[in-house]
Amino acid sequence: MRNFAKIKHTSMGRRIIVVLLILIFVPGAIILNRIISKHDTADSYMALVNGFPIRTKEFDNAIAANKAQIIDYFYNKYGAEQTAGFWTTSFEGEVPAESIMKKALEDSVKIKIRQRIAQEQGVLQNISYEGFIRQLNEENKRRQRAIRNREVIYGPRQYEENAYFEYVLSNTTRSVKNQLMKEEWKPDGQKLKRFYDLQKNQLYMSHGSVKVKLLTLSFLNSNQTVDEALKEDAKKQMEKALSIAASGTDFEDIVKALDLDVQMMEKIFNSSNVRNNSRSPVAQAAEKLSMDEISGIIEENGRFYLIKGIENQKEGSGFLDFDSIKDQVLKDYADYNYEEYVNKRVSEAQIVLNETEYRAYQKREFPTD
């Protein structure tokens with residue numbers, strides 16, 4: 001019994017010692033951990049935007065995105081070449097390194113605000129850089145699994161960080177606009193028309209257009225291939241139509257006079273459709289017509305055409321019709337409201353710069369390639 005009591009006493013004594021050691025060292029470890037964590041956080045972010053950190057890696061990406069723009073600016077304004085000392089050289093008081101850091105910080109703040117808005121709207125759950133990297137890695141793993149399983153994937157086999165960031169930001173921005181346009185920003189007809197009137201000088205100037213009347217006659221057979229006999233006959237009929245038109249007869253009356261399968265229609269060719277117009281002999285001929293002027297006979301895609309000019313509106317001479325571009329006006333309205341809202345949120349944001357990290361970043365050697 002004595003031995004048992006001794007052993008029990010010794011065991012309990014050891015437990016007491018262990019508990020004391022825990023009580024002594026664990027709080028210290030917790031305090032130390034808090035100090036280290038705080039130190040790590042201080043070194044890993046460039047600024048806080050309403051309490052949300054802009055990680056240094058996010059700032060790196062903003063620097064890279066602005067590099068070409070800053071280089072072009074200093075070259076165009078000062079003729080500055082990208083030499084070894086380019087980034088730290090003062091050009092009439094402007095220093096490239098300072099300019100790019102200022103622009104990168106502005107862009108980073110704006111992006112964080114856009115992410116925060118998306119989070120508020122329930123479009124994004126996590127707006128931290130760490131969360132984004134986890135999402136990127138998960139997406140790339142999913143793509144690898146799909147490839148191994150011979151499943152269809154859209155886009156690249158593997159996303160690079162910058163490309164995936166742009167993809168996510170673009171999609172979330174679109175979702176935020178759509179969501180806010182359903183309720184908070186939803187315009188009535190008057191509000192949308194008012195926006196059109198206010199913005200039409202900047203956004204809705206006419207690119208130029210030609211309105212014409214067309215007489216057209218096909219020479220394709222039932223198999224939709226060219227029939228030479230039909231083509232010859234159609235050519236004679238269109239020559240007769242041209243002769244009648246030259247006397248001032250309206251196209252409508254020409255159709256009745258010929259009593260053939262000649263079709264008459266009106267059509268507008270927009271000068272902005274450069275690619276399509278360049279492939280169409282009819283469009284190219286129409287663009288050259290003045291009011292009431294008649295073209296020669298034009299062949300295109302198994303048909304002969306005769307064209308008469310009705311209107312020829314030069315670029316910048318008028319505005320695009322509101323009713324014909326209402327969908328575009330609605331999109332522009334959403335874009336405008338979104339930019340205004342983001343800028344307002346940026347102006348109201350509380351931004352705390354991590355001066356230690358910012359000064360350390362300024363001392364880096366910027367790449368010259």
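Asp-292 sits in the loop between α10 (281–287) and β5 (298–300). Helices here are DSSP runs of H or I with at least four residues, strands are runs of E with at least two, and both are numbered from the N terminus. Asp-292 has a positive phi of about 70°, although it is not a glycine. Most residues other than glycine have a negative phi.

Before going on, a note on what we are looking at. This is a predicted model, in which local features need pLDDT of at least 70 and side-chain atom pairs count only at pLDDT 80 or more, while totals for chains, interfaces and linings use all residues. Residues are numbered from 1 along each chain as its sequence is written, and side-chain values use heavy atoms, with hydrogens and water left out.

Asn-50 is another residue with a positive phi, near 50°, and it is not a glycine. Where is Asn-50 found? Asn-50 is in the loop between β1 (45–49) and β2 (52–55). Its relative accessible area is 37%, so Asn-50 is partly exposed. On that scale, buried means under 20% relative accessible area, exposed means over 50%, and partly exposed is in between, using a 1.4 Å probe and protein chains only.

Now the chain as a whole. The secondary structure comes to 12 helices and seven strands. Of the 369 residues in the protein chain, 32% are buried. Take contacts between residues at least 6 apart in sequence: 67% of them join residues at least 24 apart. Contact means heavy atoms within 4.5 Å.

Next, helix packing. Two packed helices are described by the angle between their axes and the distance between the axes. The axes are lines fitted to C-alpha atoms, for helices over the stretch in contact, and the angles run from 0 to 180 degrees between N-to-C directions.

Start with helix α2 (residues 56–78) and helix α3 (residues 96–120), whose axes come within 8 Å and cross at roughly 130°. That angle makes α2 oblique to α3. The classes are roughly parallel under 35 degrees, roughly antiparallel over 145, roughly perpendicular from 65 to 115, and oblique for the rest. The crossing of α2 past α3 is right-handed. Right-handed means that the near helix is turned clockwise from the far one by less than a right angle, and left-handed means anticlockwise. Residues of α2 in this contact include Phe-59, Ile-63 and Phe-74, and those of α3 include Ile-100, Ala-104 and Leu-105.

The second pair is helix α5 (residues 161–182) and helix α11 (residues 326–348), which pack at an angle of about 105° with their axes 10 Å apart. α5 and α11 are therefore roughly perpendicular to each other. From α5 the contact uses Thr-173, Val-176, Lys-177 and Met-181, and from α11 it uses Leu-330, Tyr-333, Ala-334, Asp-335 and Tyr-338.

α5 also packs with α4: their axes come within 11 Å and cross at roughly 105°. So α4 and α5 are roughly perpendicular too. Among the residues that meet here are Phe-132, Leu-136 and Glu-139 in α4, with Tyr-164 and Phe-165 in α5.

Let us stay with Glu-139, which is in helix α4 (residues 129–148). Is Glu-139 buried or exposed? Glu-139 is buried, because its relative accessible area is 14%. Leaving out residues up to four places away in sequence, Glu-139 touches Tyr-159 and Tyr-164. Glu-139 and Tyr-164 are 25 residues apart along the chain, and their C-alpha atoms are separated by 9.4 Å.

Ala-146 is in helix α4 as well. Its relative accessible area is 3%, so Ala-146 is buried. From Ala-146 to Arg-157 is 11 residues in sequence and 9.5 Å in space, C-alpha to C-alpha.

Last, the rings. How many aromatic pairs does a search of the whole structure find? The search finds 21. One of them is Phe-86 with Phe-91, a tilted pair at 6.2 Å centre to centre and 45° between the planes. Rings of Phe, Tyr and Trp (its six-membered ring) pair if their centres lie within 6.5 Å; planes under 30 degrees apart are stacked, over 60 edge-to-face, and the rest tilted. Phe-86 counts as buried because its relative accessibility is 1%, and Phe-91 is buried at 17%.

Lys-193 lies over Phe-322, at 5.9 Å from the ring centre, and Lys-200 lies over Phe-319, at 4.7 Å. A charge sits over a ring if NZ of Lys or CZ of Arg is within 6 Å of the ring centre and within 35 degrees of the ring normal.
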